[in-house]
Amino acid sequence: MGGTKRRPYGSTAKTRQMVLAALGVVKVATAEQIRQLMCPGTASAQTVRNACLDLGRDGLVESLGSASRTNAAGNLVSEKLWNLTGPGLEAAAAVLGRPAREMGGSARGAARAGAKHAVKVTDTITAFLQTPPEPTRPVPRKRPQPATSTPTGAPAGDDTSAAPAAGPERPQGLGQISSWATEVVLPVSGTLATPGKNSPRADAVLTAPEAGLPVMFVEVDNGTENPVLLSSKAARYREFFRRTVKPTTPSGKPTSMWETLYGPLEGKGYPPLAIVFTKQVGRAAMNNRINSVMRLTEEHWAGQYHHFAPSYGSDECDNYTDYADAVPILVTTLDRLREHGPLGPVWFRFGHSTWQTLTDALDNPDDERAFTRRQRRRDQLRKQQREQEDQQRERERHEARERWAAQEAAAKAARDPDPVCQECHGPLESSPFEYDPWEEEAPPADGVHCAGCRSQLAEPTSRFGRVIRRLVNGDEHYPRR
């Protein structure tokens, strides 16, 4: 492509900013890696290479080494490694919107040595991002540039037609280039500038709160470390997560240092630690390595197991695991990330039984929340059972009362009625529990009249009594004398 005196390689400002942003995060990468990371829709890595050359003339980037890779044809090719200079770090900080003191080093030593580990870290971040390949309009060049990848059915070489070229589809990614930082120091003691001994240095750190992931620490394993050395990193991460800082107010509580740096999680516990295995080995060898790391790090991810009876005097037992002091360790392979993306079923969480999506892998189905839900359900069932038992007892009492009333009514109907006096229709016999003065002077019982009526019906023996009888009873059987 035609250049200018200022930009002899003809790069655009957008492409140069992409290069600065990429190298500001990954520190060292090839032109092809930067293309895959930032602009996979671009047909040729020469576009990125030209931007690097123009930035090199400004003293912002440099190439001090090279890296080897196997291309799509299966051939081993060597490519230049590009890294930032001191002024380039400041320029990249401006592009990323970060303070220059947080940019880290220029990785010149790694570039000279071939940066094998840094190259794999860059590949891992690329697999996380899954940058969508935006359609591009090819720019006419003075000399044809070989395409890095030729779409199926399209002829090789330059295509100067006006129709944009659509890139291959990619799975959904996570975060953006500014969401990442590499070679991040996590001080278990000391400060960020002068960390204490045994402080871990994360290969990469992802902060994507917009995706519900405040922070994830990523370790890239090239297969060069033995499982014991790799597993020891989990202990150092846990020691960093346990570190607290003094409260800012007298009434405040100590805060975890990692929370002051990255913000709190939604629930209790520590941020996840993801281990990405990049070396291509057989399935059995990979499973053996994962199992070895899982076994050696169990004390750091297993959590605290609680087993007890959920209610007093109950034979039922329940349990849950407390993950408040446990490090969630997730593992995957670079090939899985590339094929399915970070949101696909590519994660194996130590303690889980299968490969899962990121959301499922970060969940703790056997923690206290699940126990609380089960306990709430048990309490609800017990309450319903008590209510049913109370209702059953009330029905039984009601039925017993109805049976007793029916029996009483039947017994009352079966009994002979009490005899009554034919004169006053009152009880024929007085109650044995009450004193009746008529019983003393009344005539003997005749079985027809009560004591009072017998006394009134008796023949008066005096004239005064006969007069009273005529006046009271109107008895005309005894005429006046």
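These are my notebook entries on a predicted model of one protein chain.

**Ground rules**

I number residues from 1 along each chain as its sequence is written, and for side-chain values I use heavy atoms, with hydrogens and water left out.

**Entry 1: the whole chain**

I looked up the secondary structure and found 16 helices and 14 strands. Helices (H or I, at least four residues) and strands (E, at least two) are DSSP runs, numbered from the N terminus. I then checked burial: 38% of the 481 residues count as buried. Buried means under 20% relative accessible area, exposed means over 50%, and partly exposed lies in between (1.4 Å probe, protein chains only).

The accessible surface comes to about 28,600 Å², and carbon and sulfur atoms hold 52% of it. That area is from the Shrake-Rupley method with a 1.4 Å probe; for residues, only the protein chains shown count as cover. I also looked at contacts, meaning heavy atoms within 4.5 Å. Among contacts with a separation of 6 or more, 59% are between residues 24 or more positions apart.

**Entry 2: helix 1 against helix 4**

How do helix 1 and helix 4 pack? I find helix 1 (residues 13–26) at an angle of about 105° to helix 4 (residues 86–96), with the axes 8 Å apart. That makes the two helices roughly perpendicular. For the record, angles of 65 to 115 degrees count as roughly perpendicular, under 35 as roughly parallel, over 145 as roughly antiparallel and the rest as oblique. Axes are lines fitted to C-alpha atoms, for helices over the stretch in contact, and angles run from 0 to 180 degrees between N-to-C directions.

From helix 1, the residues in the contact are Gln17, Leu20, Ala21, Gly24 and Val25; helix 4 brings Gly88, Ala91, Ala92, Val95 and Leu96. I sorted the residues of this contact into seven nonpolar, three polar and no charged. Ala, Val, Leu, Ile, Met, Phe, Trp, Tyr, Cys and Pro count as nonpolar; Asp, Glu, Lys and Arg count as charged; the others, Gly among them, count as polar.

Lys27 counts as buried because its relative accessibility is 11%.

Next I traced an open sheet of three strands in the order 1-3-2, with antiparallel pairing. Strands count as paired if DSSP finds at least two bridges between them. Strand 1 and strand 2 are the edge strands, each pairing on one side only. From one strand to the next, the twist averages 35°.

Strand 1 (residues 28–30) is joined to strand 3 (residues 76–84) by three bridges, and Ala29 stands opposite Trp82. Strand 2 (residues 61–70) is joined to strand 3 by eight bridges. Here I noted Gly65 opposite Leu81 and Arg69 opposite Val77. Strand 2 and strand 3 form a hairpin with five residues between them, and Gly74 in the turn has a positive phi of about 85°. Helix 2 (residues 31–38) lies across strand 1, strand 2 and strand 3, at about 95° to strand 1.

What is the order of the open sheet of seven strands? I read it as 4-5-6-9-12-13-14, with mixed pairing. Strand 4 (180–185) and strand 14 (355–356) each have a single partner strand, so one side of each is left without a neighbour in the sheet.

Strand 9 (residues 273–277) runs parallel to strand 12 (residues 329–333), with five bridges joining them; Val276 has Thr332 as its bridge partner. Helix 9 (residues 283–296) packs on the sheet, touching strand 6, strand 9, strand 12, strand 13 (347–349) and strand 14, and its direction makes about 155° with that of strand 9. Helix 7 (residues 227–242) lies across strand 5 (201–208), strand 6 (213–221), strand 9 and strand 12, running at about 155° to strand 6.

**Entry 3: two single residues**

Glu183 is in strand 4 and has a positive phi of about 50°, although it is not a glycine. Glu183 counts as partly exposed, at 38% relative accessibility.

Leaving out residues up to four places away in sequence, I list Ala302, Gly303, Gln304, Tyr305, Asp366, Asp367 and Glu368 as touching Thr321.

Notes. Predicted model: local features only at pLDDT ≥ 70, side-chain atom pairs only at ≥ 80, totals over all residues.
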